Amino acid sequence: MKSFHWLLALLFFIPLSASGQVLPFQIYTTRDGLISNSAVALLQDSKGYLWIGSYNGFSIFNGFEFTNYSTSEGFPSGHVGAFAESKQFPGTMWISTIGGGIVQFADGKFLQFKLGSNEQHNQVGALMEDKRGVLWCGTNNGVFQFKNGEFTQFAASDSIGSVLRIEGIGDSLIWIASRDRGVFCYAVRGNDFERINTEHISQALRHRSFLIAKDFQGNLWITDHEQKILQVVGTRIVRIITLPNPRFGFQAFLPDWKGNLWLGTVKGLYKVVPDTPQVHIVQYGLENGLPESLVLPGLVDTEGNLWIESFSKGLVKLTDESTVSFKLTASPYVMNNSTARADRNGRFWVATPEGLWEIWQTTEGSWRSYIHPTPDEGKYGFYNALFIDAQGYLWTKFWKGQLHRYRVHTRVNRHSLLQRVTEFEPGVHYPTSLYNCFTVDRHGRAWFGIEDRGIAILDPNRQQPLIRFLKPEDGLTDLRIRAMVENSDGTMVLGGTTGGVFMVPLSLHSSDSIRQYTTKDGLPTNAINALWQDQGGTLWIGMRRGQIATLVNGIINPNPEDSFIRNTAIWGFGETLDGKLWVGTQKGLVTLDKESCAISAQNIALIGSPVYSCGETEAGLIWFVSDEGFKVFDPKLVNTTATSSPIHITKFTVAGKNVEHQSGLEFPAEENNCVVEFVGISYRSERNISYEYKLEPADVTWSAPTRNRSVSFAALQPGSYRFFVRAVTGEGHVSTEAASLDFTILSPWWQSWWFTLTAGIFTVSLAITFYRYRVRRLLELERLRTSIATDLHDDIGSTLSSISVLSEMARRDVSKSSSKAAKQLDRIGLSARTMLDAMDDIVWTINPENDSLNNVTARLQEFAVQVFEARKIKFKVQLQERPTLKLSMEKRRNLYLILKETLNNVVRHSKCRRASLKMHEAGGMLTFTVSDDGIGFASSDHTLGNGLTNMRKRAQVIGATLTVESKKRKGTTVSLALKTT
C-alpha cells in the first residue's frame, strides 16, 4: 500500500478550543417558520432553494421564508431520508423516506413509489442520480435503481446491506458506503457495472463501517468513524490523516470550499484543517454557540455557508468564523466609547459589573478569558469604564467614582498581572457627584467629567493632582459632558448633552479660551454622543437619531441622513489601519464610507444589537461591545466568495387573482392592474439584498434599489410588456441573469383589430353609399332645375310674351278717345314685361348651366350696360375671369340680386354721371364693389328703404358682408364680400 500512497501522520495536535468563545451560528427553528426542529436531510437545488427534511415532512427555504409540506399538504410520509434533484428534469425532486419508499415531487404534486415488498427496502436513507440519469436508492437492505420508468433491485444488493451514503465520482465510478460491510465501488460499463476491488481501503482503515463524502474538486474522502481519514483520487489513496485519539465516533463529515473537513460527533462539531504544516483541529460545542452536542454537517451551499443538521434544536448555519463572541453577565451602558479597549499587546479589556474581563488569543491561536475581580465592591462598586493611555497604563473607573491607574504585566498564554500605581478618590481629589466619563490626554493627565460641577483635570505625577477645574465661567456652558477625544492639533474635544462641541486647548492656561460649536454653526443637534478624529485629521461627531457630522478647519459639515441608522443613536467610532471607519449604533456595528458618507452593514453577525463601544487592534481585528456581549471580528476570515444572487419571480397577481407565470399570458383590457412578487436567494446577505426592476417598453433604465420584494403596476395601457428584476447583494454583486415575465394587456373590443377593420369597412361602405346617394340626389336636382327652367321658359314665358304682344295690339285698336282704356292696356303690358324680366332672372338662376362665377359676372355686365347706357351714365366694369369657380344656386341667386338691386339704385337715385363695378379676389374672399359720384346720402337723415334691408338679409343668408358708405354730394360705395370656400 505504501508504494502508491504517502502517509501524513499528525505529529502535533493543537487544540483550538476556546473558553467562552461563541461563533456566529444562526439557528432557524419553528419560530422562524421551519416545519420542525428536526433537520435531518439537506439539499440545495439548481435554482438555489434549500430543501430541509425532518421527521414531520420537509421545508423549502429561500432565505426569507419557509414553505412547508407535510401529510396535510399531500406528502405521503413524514420522515425524510434524503433529497435528489433530477438532472434530466430540473425542478423534479426525488425524496426518500424512512418507511414510505420514494416520493417524486413535481409541479406541486406527489407521486409515491414502493421499493419491493420488504419493509427494509422502503427505509431509504441515501439518494444519488448518476450521469446517465439513473437514480440510485440506498435502503436498509441493499440498493435499488430507477431507470426506464421503473425501480429494480441492484444485482449486488444483498451483499451491500444497509446503505449510509452513495456518491458518484467522475463519469463512471459509483461509491457506496455500507453501515457494517465497508465501502463498495462500481465502474459503469455501458449498461452494466463492474465491481472494483477496494480491499486496500479496508486495510488502511480501522473499522468496517465507513463514511464517504465528495469534495468540490470531485475527489472522495473516506473515514472509519474513529481516527483515520483517507483522500482518494479515482480508486487510489493519496492521503491518510490519522487523528491522535478517537473523536467520539464520527456520525457524518463534509469537505468545504476551503479544503477543511467538518466532522459531526456526539460531542459537537470538529473542523480539521489539513492543508497546514501542522494539521489543526478545532472543536465547537455548546459553549461555542451550537444548540446541542450531536450535530451533523449536512451541506455547504453555493455561497460557502456551512449548514448543520440538528435532531431537535433546528437548522444551524455558519457563514464564516470571522466573529467570536464572549457572553458577558452584564454589559453596562457606558458613554465615551469606554466599555472596552485593546492594549498594545493585542489583549482586550472589558469593564463589566462582574469584574474586569481580560480576553486574549494564545500563541496557538485559541481564545482565552479571565475576569479580574473588583478590589472591594463595598468601597468601589463595580468597573464601568476604562481607558489605555499612550504610555500603556490601564485606567479604570468605578461606579462610585474612583479612578485607578494600573501597570499591566503581560504573561504569555496566561492572564496579565495588574499593579495599581495611582488611585483618585471622590471627595478627596474632586467633588462628590455623578460621574459621566473620562479620558487621558497625551501628557498622561485624566480628564474627568463630573455632572453639574465641570471637568476635573488630574495629573497623577503631581502631589496635588487636580491642576484645573473647568466650569461655566471658563466657557464650559454644558456640565453634562459625555464624550471626549484628544485632537491632533493640541485640543481636547468635549461633547455635551445640550451644549454641542467644546474645543479646549491642552495648554491649560487660565487665559485659554474655549471654542464652542452648536446648531448655530451647523450641528444638526447639540446632543453629542460620540467623538472621533480619524487618521486624516477629520473630527467625526455622532449624535442622537443617527446624525453624523464632521468638523474640518473650523467648519461643521452635516452628513446626509442614512435610512439604516435614521432615528437611532450613535454610540462610538473606530478606525482600522486601512482607514475604514466603523460606527457603533443602536442597530449594530456598521461601516461609513468617508467619501460618499454611505452606511453599510459589512457582516450579518455585526448588526441587530446596540453597540456601545468599538475599536481596532494593530493586527486588524475589530472589537465591539453590545447587549450580546464582547465580540471580535476578523475581516480576513470573512467569507468573500464572489457569488451573485439567483432571482426568481414567485407570484404574479392580476386583478387580484393569482396567475401561473408562463409565456404567452394575455389579459383583457379591464384587468390591467398587477402585482409581481420575487425573491433573490442569498443565505449570506439576506438582510442586505436589494432589487432593481424595469417594465419594458415603459422603462428604459433600472429602478433605484429597493428592499421590497414586490412591485405593483396600476392602470396599464394596452400593449405587450416584459418585466425584468435582478438582485443586488450587500457586496454589490448583481444577479447573473435577471428574472423576466412577459404578458400582454389586450385592447378593449372597440380598439381590437377586428373591430377596427370592421368599423373601417363599415365607414368606407357608408361613405361610398352616402357619396352615391348625394351624386344621385345632385343629378336629380340638376335634372329638376333644368326641367323647371325649361317649363318656366316654355310655358310661363311664352304666355307672358303673348300677354305683352296682345296688350300692345289691343292698345293700337283702341280709339284714341278712350285714353283710360289705353292707360290700362299700357299697365298690363308693363306688368307683363316686368314679370317676364323677373321670370327670366329666375330661369337663369335655376339653370345649372349658369353655376360658374363667370356666368354671374357676364349677366351683371350685360344688365349694367343696358341700364346705364339708357340713362347716358358713363359706366366702367372691371371683372376677373374665374371659369372654374362654382357657386351654389342660393349663393349665385342672392349675389346676383344684391348686385342687380345695387345697380338699379345707382341708376334711379344717385343722379350720378359716372359709375363702376369692380370684382377683387384675395385670401379666399371675393369682393364686389359698386361706386358712383352721385348726390349720396347721410345715414343720420336717411331712412332705409325695403331695398337696402332686403339686400342685407340676402347677404346674411349666404354668409356675406354688405357695406354701404355714402356722404352727401360725395357719392356712394357699396361693397359685398363673400367667402369662396
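## Exercises on a predicted model

Strand 60 (residues 647-654) and strand 61 run antiparallel and are joined by 2 bridges. The model is predicted, so local features need pLDDT of at least 70 and side-chain atom pairs count only at pLDDT 80 or more, while totals for chains, interfaces and linings use all residues. Residues are numbered from 1 along each chain as its sequence is written, and side-chain values use heavy atoms, with hydrogens and water left out.

**Exercise 1.** Work out which strands stand at the edges of the sheet that holds strand 61.

*Solution.* Begin with the terms: strands are DSSP runs of E with at least two residues, helices are runs of H or I with at least four, and both are numbered from the N terminus; two strands pair if DSSP finds at least two bridges between them. Next, read the order of the open sheet, whose 4 strands follow 61-60-63-65 with antiparallel pairing. Strand 61 (657-658) and strand 65 (710-713) each have a single partner strand, so these two are the edges and one side of each lacks a neighbour in the sheet. Finally, at the residue level, Val654 has Lys657 of strand 61 as its bridge partner.

**Exercise 2.** Decide whether Thr29 is buried or exposed, and find what Thr29 touches.

*Solution.* First locate Thr29, which lies in the loop between strand 4 (25-28) and strand 5 (41-44). Then apply the cut-offs, by which buried means under 20% relative accessible area, exposed over 50% and partly exposed in between (1.4 Å probe, protein chains only). Thr29 has 13% relative accessibility and therefore counts as buried. Taking contact as heavy atoms within 4.5 Å, and leaving aside residues up to four places away in sequence, Thr29 touches Leu34, Asn37, Lys313 and Gly314.

**Exercise 3.** Classify the ring pairs Phe113 with Phe151 and Tyr430 with Tyr435.

*Solution.* Start from the rule that rings of Phe, Tyr and Trp (its six-membered ring) pair if their centres lie within 6.5 Å, planes under 30 degrees apart being stacked, over 60 edge-to-face and the rest tilted; the count by this rule is 53 aromatic pairs. For Phe113 and Phe151, the centres are 5.3 Å apart with 55° between the planes, and the pair is tilted. This pair links distant parts of the chain, with Phe113 in strand 12 (residues 109-113) and Phe151 in strand 16 (residues 150-153), 38 residues apart, and both residues are buried. For Tyr430 and Tyr435, the centres are 6.0 Å apart and the planes stand at 75°, so the pair is edge-to-face; both of these tyrosines, Tyr430 and Tyr435, are buried.
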